[in-house]
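Me: Could you help me read the pocket and the salt bridges in a structure? I would like the general idea and then the case at hand.

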Amino acid sequence: MGIKQFIGYALLVLASLVVSAQGSDFEFYKLSLIWPSSACYPLSNCTTPLPTFFTIHGLWPTFANDTAVPAYGPNNRCNANPVGPDAAVAKLTPVQDRLNERWPNLRAGVENSVFWRHEWQKHGICSDYYKDPLSYFNDTLNLATSTTFDPFKALGVQPSDTPYLLNTLLQNVYTKMGAYPQISCSQRSGGALYLREIRFCLKRTKKTPPSVVQSCPTTVAGGCKDPLTDNVHFPPAN
């Protein structure tokens with residue numbers, strides 16, 4: 001191998017290591033839960049009947065600046081030799097019934113396993129669970145169904161036809177949990193804001209599952225912009 005070839009090879013290896021470090025050096029996880037009555041609009045796009053509880057969107061590795069770790073791919077080899085998406089879904093039989101109930105694909109005509117595959121490809125592979133998809137999904141199920149992360153208790157309100165001031169919801173969660181969540185809103189025609197998702201942030205530690213709650217660096221997402229002025233609809237279950 002000539003000197004130029006060696007230097008070129010070394011640079012490629014170094015670039016690969018840098019990409020890997022960028023992909024795996026995240027700070028916290030974000031547990032994202034969906035309110036189906038807000039997310040399913042128009043209702044004809046979704047499966048019916050809609051769940052009357054918050055369903056799971058995912059458990060996302062997130063950088064300190066509150067951006068999600070990019071999906072595993074040629075430009076982000078975040079972990080070495082991860083379990084691939086198809087193989088990951090094949091390992092979920094022990095928790096499939098719970099997944100069908102709590103982690104459904106709300107879109108009509110799309111199998112739930114398509115959603116699980118997507119979440120593993122986009123988030124699970126770059127998490128600390130990259131070789132253990134069953135634990136990734138099982139731990140997420142356990143977190144999402146625990147009393148600690150019950151959105152109704154955390155928000156301190158029930159679905160209503162009357163909108164809530166966004167800041168009231170955020171402060172309610174802080175009072176109960178000692179940390180601010182992130183609330184993501186969808187915006188419908190006419191500008192009305194709807195509480196689409198609530199996201200709890202958990203510190204990354206050496207052990208899984210994550211359990212230490214922290215404030216999310218950004219408390220609003222989607223259509224919501226200003227907690228002090230945004231009034232958010234939290235509609236009753238359809």
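Predicted model: local features only at pLDDT ≥ 70, side-chain atom pairs only at ≥ 80, totals over all residues.

Me: How many salt bridges does the rule give?

Reply: A salt bridge is a side-chain nitrogen of Lys or Arg within 4 Å of a carboxyl oxygen of Asp or Glu. By this rule there are five salt bridges. One of them pairs K30 with D66, at 2.7 Å from N to O. This pair links distant parts of the chain, 36 residues apart: K30 sits in strand β1 (residues 28–34), and D66 in the loop between β2 (55–62) and α3 (85–90). Helices (H or I, at least four residues) and strands (E, at least two) are DSSP runs, numbered from the N terminus.

Me: Are K30 and D66 buried or exposed?

Reply: Buried means under 20% relative accessible area, exposed over 50%, and partly exposed in between (1.4 Å probe, protein chains only). K30 counts as buried because its relative accessibility is 5%, and D66 is buried too, at 12%.

Me: Which side chain does D86 meet in a salt bridge?

Reply: The partner of D86 is R117, at 2.7 Å from N to O. Here helix α3 holds D86 and helix α5 holds R117, 31 residues apart. D86 is exposed, with a relative accessible area of 54%, whereas R117 is partly exposed at 34%.

Me: Which residues are joined with R196 into one network?

Reply: Salt bridges that share partners join R196, E197 and R199. Between E197 and R196 the N to O distance is 3.9 Å. E197 is buried at 2%, and R196 is partly exposed at 31%.

Me: What lines the largest pocket?

Reply: On a 1 Å grid over the protein atoms alone, a pocket is an open set of points with protein on both sides within 12 Å along at least five of seven lines, and lining residues have an atom within 4 Å of a point. The largest pocket is lined by 17 residues, with N105, L106, R107, F115 and R196 nearest its centre. Both α5 (112–124) and β5 (193–203) give two or more residues to this lining, and α5 gives the most, with three.

Note on methods
Residues numbered from 1 in each chain as written. Heavy atoms only, no water. 1 Å grid on protein atoms, 1.4 Å probe; cavity = no way out; pocket = protein on both sides within 12 Å on 5 of 7 lines; lining within 4 Å.
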